[in-house]
Amino acid sequence: MNSAAYELAQVNIARLKAPLDSPQLKDFVDALDPVNADADGADGFVWRLQDDSGDATDVAVFGDEWLIINMSVWRDTDALTAYMYQGRHREMLARRREWFERVQEAMATLWWVPAGHRPTVAEAESRLLHLRTNGPTPYAFTLRTSFAPGAAEPVSLAVPDDLGCSV
């Protein structure tokens with residue numbers, strides 16, 4: 001199967017500890033534009049969900065006003081992980097417990113889409129619910145248990161343990 005025919009979609013959601021306009025979330029909100037600009041310029045970045053403000057903080061997910069969504073499309077898992085674990089995004093990941101509740105259920109998933117496809121929030125919700133119910137499968141998977149485009153067998157990827165990221 002031609003992997004260039006596919007791109008990697010990712011979604012992650014987070015439950016806010018406080019309203020976005022609160023002092024507790026000021027550093028997070030202030031970092032959104034620079035972190036998004038870093039993503040937009042990253043090697044392998046294809047697309048990200050955004051509303052009229054340039055981010056996705058006003059996009060509803062699972063009908064819960066305390067959840068925020070980040071969804072993007074990348075060339076492949078290598079491009080996504082190279083962005084996630086360096087620079088400003090890595091700094092934000094390290095501080096996520098200041099801004100977001102610790103949640104037991106899966107809050108992030110990956111899936112392959114045909115090149116040029118832009119996933120919807122409903123599609124992302126469906127993939128995330130599938131991961132929560134079935135664990136990693138080719139339909140919805142994680143960085144730790146990843147699948148190649150069109151594959152049925154998992155692909156092992158190294159994810160830095162020091163971040164405690166369950167993606």
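## Overall architecture

The structure is a predicted model. Its secondary structure comes to five helices and six strands. Read from the N terminus, the elements follow the order β-α-β-β-α-α-α-β-α-β-β.

The chain has 167 residues, of which 46% count as buried. Among contacts with a separation of 6 or more, 70% are between residues 24 or more positions apart.

## The nonpolar cores

In soluble globular proteins, nonpolar side chains tend to be buried together. In this model, the largest nonpolar core has 28 residues. The residues with the most contacts inside this core are Phe 28, Trp 74, Leu 80, Tyr 83 and Phe 100. Several elements each supply at least two residues of the core: strand 1 (6-15), helix 1 (26-41), strand 3 (67-74), helix 2 (77-84), helix 3 (87-94) and strand 4 (108-114). The largest share, five residues, comes from helix 1.

Phe 28 shows how residues from separate places in the sequence meet. Leaving aside its neighbours within four places in sequence, Phe 28 is in contact with Leu 20, Ile 68, Met 92, Trp 99 and Phe 100. A second, separate core contains 17 residues, including Ile 69, Met 71, Val 113 and Ala 124.

## Packing of helix 1 and helix 3

Two packed helices are described by the angle between their axes and the distance between the axes. For helix 1 and helix 3, the angle is about 145 degrees and the axes are 9 Å apart. The crossing of these two helices is left-handed.

Which residues meet where helix 1 and helix 3 pack? On the side of helix 1, they are Phe 28, Ala 31, Pro 34, Val 35 and Asp 38. On the side of helix 3, they are Arg 88, His 89 and Met 92. Phe 28, which takes part in this packing, is also one of the residues with the most contacts inside the largest core.

## Salt bridges

The count of salt bridges in the model comes to 10. One of them joins Arg 118 and Glu 7, with the closest N and O atoms 3.3 Å apart. Arg 118 lies in the loop between strand 4 and helix 5, whereas Glu 7 lies in strand 1, so this pair ties together parts that are 111 residues apart in sequence. Arg 118 is partly exposed, with a relative accessible area of 31%, while Glu 7 is buried, with a relative accessible area of 13%.

Another salt bridge is formed by Arg 15 and Asp 64, with the closest N and O atoms 2.8 Å apart. This pair also links distant parts of the chain: Arg 15 is in strand 1, and Asp 64 is in the loop between strand 2 (45-48) and strand 3, 49 residues apart. At 29% relative accessibility, Arg 15 is partly exposed.

Arg 75 and Asp 76 form a further salt bridge, and their closest N and O atoms are 3.4 Å apart. Arg 75 is partly exposed at a relative accessible area of 39%, and Asp 76 is partly exposed at 22%. Elsewhere, salt bridges that share partners join Asp 27, Arg 95 and Glu 98 into one network.

## A buried charged residue

Glu 123 is found in helix 5 (residues 121-134). What is the nearest side chain of opposite charge to Glu 123? That side chain belongs to Arg 127 and is 4.1 Å away. Glu 123 is buried yet has no salt bridge, because a salt bridge requires a side-chain nitrogen of Lys or Arg within 4 Å of a carboxyl oxygen.

Apart from its neighbours within four places in sequence, Glu 123 is in contact with Trp 111, Val 113 and His 117. One of these residues, Val 113, belongs to the second core.

## Two further buried positions

Ala 108 is found in strand 4. Is Ala 108 buried or exposed? Ala 108 counts as buried because its relative accessibility is 15%, and the cut-off for buried is under 20%. The C-alpha atoms of Ala 108 and Leu 128 are separated by 6.7 Å, although the two residues are 20 residues apart along the chain.

Pro 149 is placed in the loop between strand 5 (145-147) and strand 6 (154-156). Pro 149 is buried, with a relative accessible area of 15%. Pro 149 and Pro 138 are 11 residues apart in sequence, and their C-alpha atoms are 8.0 Å apart in space.

Technical notes. Residues are numbered from 1 along each chain as its sequence is written. This is a predicted model: local features need pLDDT of at least 70, side-chain atom pairs count only at pLDDT 80 or more; totals for chains, interfaces and linings use all residues. Side-chain values use heavy atoms; hydrogens and water are left out. A nonpolar core is a set of buried Ala, Val, Leu, Ile, Met, Phe, Trp, Tyr and Cys residues joined through side-chain atoms within 4.5 Å. Buried means under 20% relative accessible area, exposed over 50%, partly exposed in between (1.4 Å probe, protein chains only). Helices (H or I, at least four residues) and strands (E, at least two) are DSSP runs, numbered from the N terminus. Contact means heavy atoms within 4.5 Å. Lys and Arg count as positive and Asp and Glu as negative; His and the chain ends are not counted. Axes are lines fitted to C-alpha atoms, for helices over the stretch in contact, and angles run from 0 to 180 degrees between N-to-C directions. A crossing is left-handed if the near helix is turned anticlockwise from the far one by less than a right angle, and right-handed if clockwise.
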